[in-house]
Amino acid sequence: MQKTLSIIKPDGVSKKLTGDVICVFESAGFRLAAMKMKWLSKAEAESFYYVHKERPFFADLVDFMTSGPVVLMVLEGDNVIKRNREIMGATDPAEAEAGTIRARWADSKQNNIVHGSDSEESARFEIGHFFSGIEIF
Ligand code: ATP
Ligand code: MG
(Lines give C-alpha, C1' and ligand atoms only; values in the text may rest on other atoms or scores of the structure.)
(Ligands and ions follow the chains in the order given, each with its own letter.)
Protein backbone atom coordinates (compact mmCIF):
# COMPACT_ATOMS: atom_id res chain seq x y z
CA MET A 1 0.00 0.00 0.00
CA GLN A 2 1.28 3.42 -1.00
CA LYS A 3 0.75 6.73 0.81
CA THR A 4 0.55 10.29 -0.53
CA LEU A 5 0.16 13.75 0.96
CA SER A 6 -2.94 15.63 -0.11
CA ILE A 7 -3.70 19.26 0.72
CA ILE A 8 -6.99 21.07 0.26
CA LYS A 9 -5.55 24.53 -0.39
CA PRO A 10 -6.97 27.77 1.13
CA ASP A 11 -9.24 28.31 -1.89
CA GLY A 12 -10.79 24.86 -1.50
CA VAL A 13 -11.47 25.43 2.20
CA SER A 14 -12.88 28.97 1.72
CA LYS A 15 -15.10 27.78 -1.17
CA LYS A 16 -16.54 25.12 1.21
CA LEU A 17 -15.31 22.27 -0.98
CA THR A 18 -13.62 20.27 1.81
CA GLY A 19 -16.45 17.72 2.04
CA ASP A 20 -16.78 17.40 -1.74
CA VAL A 21 -13.04 16.81 -2.19
CA ILE A 22 -12.86 14.20 0.59
CA CYS A 23 -15.91 12.51 -0.98
CA VAL A 24 -14.06 12.29 -4.32
CA PHE A 25 -11.05 10.65 -2.61
CA GLU A 26 -13.09 8.18 -0.57
CA SER A 27 -15.27 7.33 -3.59
CA ALA A 28 -12.07 6.53 -5.49
CA GLY A 29 -11.30 3.95 -2.79
CA PHE A 30 -8.50 5.86 -1.03
CA ARG A 31 -8.29 5.35 2.73
CA LEU A 32 -7.85 8.42 4.97
CA ALA A 33 -4.82 7.58 7.11
CA ALA A 34 -4.38 11.05 8.69
CA MET A 35 -6.08 14.44 8.59
CA LYS A 36 -5.76 17.87 10.21
CA MET A 37 -6.57 21.52 9.57
CA LYS A 38 -3.74 24.05 9.82
CA TRP A 39 -2.99 27.66 8.93
CA LEU A 40 0.53 27.38 7.49
CA SER A 41 3.21 29.86 8.51
CA LYS A 42 5.35 31.48 5.84
CA ALA A 43 8.30 29.28 6.87
CA GLU A 44 6.17 26.10 6.65
CA ALA A 45 4.87 27.00 3.17
CA GLU A 46 8.34 28.02 1.92
CA SER A 47 9.98 24.82 3.13
CA PHE A 48 7.12 22.69 1.79
CA TYR A 49 7.50 24.19 -1.71
CA TYR A 50 11.31 24.58 -1.53
CA VAL A 51 11.71 22.81 -4.93
CA HIS A 52 10.02 25.84 -6.51
CA LYS A 53 12.03 28.50 -4.66
CA GLU A 54 13.73 29.81 -7.81
CA ARG A 55 10.49 29.96 -9.82
CA PRO A 56 8.94 33.38 -10.60
CA PHE A 57 5.64 32.37 -9.00
CA PHE A 58 7.19 31.28 -5.67
CA ALA A 59 6.40 34.40 -3.59
CA ASP A 60 2.80 34.50 -4.85
CA LEU A 61 2.45 30.76 -4.19
CA VAL A 62 3.63 31.17 -0.57
CA ASP A 63 1.25 34.15 -0.08
CA PHE A 64 -1.62 32.06 -1.44
CA MET A 65 -0.80 28.98 0.65
CA THR A 66 -0.69 31.12 3.82
CA SER A 67 -3.85 33.13 3.00
CA GLY A 68 -6.10 30.85 5.09
CA PRO A 69 -6.27 27.41 6.69
CA VAL A 70 -5.64 24.24 4.69
CA VAL A 71 -6.67 20.62 5.23
CA LEU A 72 -3.72 18.21 5.32
CA MET A 73 -4.34 14.53 4.63
CA VAL A 74 -2.44 11.31 4.18
CA LEU A 75 -4.24 9.09 1.65
CA GLU A 76 -3.47 5.40 1.29
CA GLY A 77 -4.18 3.02 -1.59
CA ASP A 78 -2.71 1.01 -4.44
CA ASN A 79 -0.74 3.34 -6.71
CA VAL A 80 -2.33 6.27 -4.84
CA ILE A 81 0.33 8.83 -5.82
CA LYS A 82 -0.39 8.52 -9.55
CA ARG A 83 -4.13 7.91 -9.17
CA ASN A 84 -4.51 10.98 -6.94
CA ARG A 85 -2.69 13.13 -9.52
CA GLU A 86 -5.08 11.84 -12.21
CA ILE A 87 -8.12 12.61 -10.06
CA MET A 88 -6.76 16.12 -9.32
CA GLY A 89 -6.20 16.95 -13.00
CA ALA A 90 -3.55 19.17 -14.62
CA THR A 91 -2.07 22.10 -12.63
CA ASP A 92 -3.87 24.57 -14.92
CA PRO A 93 -7.64 23.97 -14.73
CA ALA A 94 -7.94 25.03 -18.38
CA GLU A 95 -5.86 21.96 -19.28
CA ALA A 96 -7.41 19.59 -16.73
CA GLU A 97 -9.50 16.69 -17.97
CA ALA A 98 -13.26 17.03 -17.50
CA GLY A 99 -14.49 15.59 -14.22
CA THR A 100 -11.20 16.10 -12.37
CA ILE A 101 -11.12 18.17 -9.16
CA ARG A 102 -9.29 21.05 -10.81
CA ALA A 103 -11.53 21.06 -13.92
CA ARG A 104 -14.62 21.13 -11.71
CA TRP A 105 -13.59 23.66 -9.09
CA ALA A 106 -10.25 25.45 -9.70
CA ASP A 107 -10.12 29.13 -10.69
CA SER A 108 -6.55 29.42 -11.98
CA LYS A 109 -3.17 27.75 -12.31
CA GLN A 110 -2.30 29.04 -8.82
CA ASN A 111 -5.69 28.72 -7.12
CA ASN A 112 -6.16 25.08 -7.99
CA ILE A 113 -7.87 23.63 -4.89
CA VAL A 114 -5.60 20.67 -4.15
CA HIS A 115 -2.00 19.51 -3.86
CA GLY A 116 -0.81 15.94 -4.29
CA SER A 117 2.68 14.44 -3.94
CA ASP A 118 4.26 13.66 -7.32
CA SER A 119 6.64 10.79 -6.43
CA GLU A 120 7.41 8.33 -3.64
CA GLU A 121 10.34 10.51 -2.59
CA SER A 122 8.25 13.69 -2.39
CA ALA A 123 5.44 11.81 -0.59
CA ARG A 124 7.91 10.70 2.09
CA PHE A 125 9.25 14.25 2.53
CA GLU A 126 5.81 15.89 2.47
CA ILE A 127 4.13 13.44 4.88
CA GLY A 128 7.03 13.86 7.31
CA HIS A 129 6.81 17.65 6.97
CA PHE A 130 3.31 17.71 8.49
CA PHE A 131 2.68 14.44 10.36
CA SER A 132 4.46 12.45 13.05
CA GLY A 133 4.22 8.67 13.09
CA ILE A 134 1.58 8.53 15.84
CA GLU A 135 -0.73 10.80 13.83
CA ILE A 136 -0.90 8.36 10.90
CA PHE A 137 -3.38 5.49 11.30
P1 ATP B 1 0.96 20.76 -6.48
O2 ATP B 1 2.46 20.62 -6.27
O3 ATP B 1 0.38 21.91 -5.68
O4 ATP B 1 0.24 19.47 -6.29
P5 ATP B 1 1.38 20.59 -9.29
O6 ATP B 1 2.33 19.48 -8.95
O7 ATP B 1 0.28 20.30 -10.26
O8 ATP B 1 0.69 21.16 -7.99
P9 ATP B 1 3.66 22.32 -9.45
O10 ATP B 1 4.36 22.54 -10.74
O11 ATP B 1 4.29 21.44 -8.42
O12 ATP B 1 2.17 21.85 -9.78
O13 ATP B 1 3.40 23.74 -8.83
C14 ATP B 1 3.03 23.88 -7.46
C15 ATP B 1 1.93 24.90 -7.34
O16 ATP B 1 2.43 26.18 -7.70
C17 ATP B 1 0.74 24.68 -8.29
O18 ATP B 1 -0.20 23.78 -7.82
C19 ATP B 1 0.16 26.08 -8.34
O20 ATP B 1 -0.62 26.37 -7.18
C21 ATP B 1 1.42 26.92 -8.36
N22 ATP B 1 1.90 27.21 -9.71
C23 ATP B 1 2.56 26.38 -10.53
N24 ATP B 1 2.87 26.96 -11.71
C25 ATP B 1 2.35 28.21 -11.64
C26 ATP B 1 2.32 29.32 -12.52
N27 ATP B 1 2.90 29.28 -13.72
N28 ATP B 1 1.69 30.43 -12.09
C29 ATP B 1 1.13 30.51 -10.87
N30 ATP B 1 1.13 29.49 -9.98
C31 ATP B 1 1.73 28.37 -10.35
MG1 MG C 1 3.84 19.69 -7.44
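Trainee: Which helices and strands each supply at least two residues of the lining of the largest pocket?
Mentor: Please bear in mind that this is a predicted model. Those elements are helix 5 (80-88), strand 4 (114-116) and helix 7 (120-130). The largest share, four residues, comes from helix 7.

Trainee: What volume does the largest pocket have?
Mentor: The volume is about 650 Å³. The lining consists of 26 residues, and the closest to the pocket centre are Tyr49, His52, Phe57, Leu61 and His115.

Trainee: And how does the lining divide by class?
Mentor: There are nine nonpolar, nine polar and eight charged residues in the lining.

Trainee: Turning to helix 4, which residues are buried there?
Mentor: Helix 4 covers residues 58-65, and its buried residues are Phe58, Leu61, Val62, Phe64 and Met65. Viewed down the helix axis, these fall within an arc of 160°, so they line one face of helix 4.

Trainee: What do the buried residues of helix 4 pack against?
Mentor: They pack against strand 1 (2-8), helix 1 (10-14), helix 3 (42-48) and strand 3 (70-77).

Trainee: Now for valine 13: is this residue buried or exposed?
Mentor: Valine 13, which lies in helix 1, counts as buried because its relative accessibility is 17%, and the cut-off for buried is under 20%.

Trainee: Which residues does valine 13 contact, leaving aside neighbours within four places in sequence?
Mentor: Valine 13 is in contact with Ile8, Thr18, Met37, Pro69, Val70 and Val71.

Trainee: How far apart are valine 13 and alanine 123?
Mentor: They are 110 residues apart in sequence, and their C-alpha atoms are 22 Å apart in space.

Terms used. Residues numbered from 1 in each chain as written. Chains lettered and ligands numbered in written order. Predicted model: local features only at pLDDT ≥ 70, side-chain atom pairs only at ≥ 80, totals over all residues. Heavy atoms only, no water. 1 Å grid on protein atoms, 1.4 Å probe; cavity = no way out; pocket = protein on both sides within 12 Å on 5 of 7 lines; lining within 4 Å. Points joined across faces, edges and corners; volume = space filled by probe spheres on them. Nonpolar A, V, L, I, M, F, W, Y, C, P; charged D, E, K, R; others polar. Buried < 20%, exposed > 50% of the residue type's maximum accessible area, 1.4 Å probe, protein only. Arc of directions from axis to C-beta. Contact = heavy atoms within 4.5 Å.
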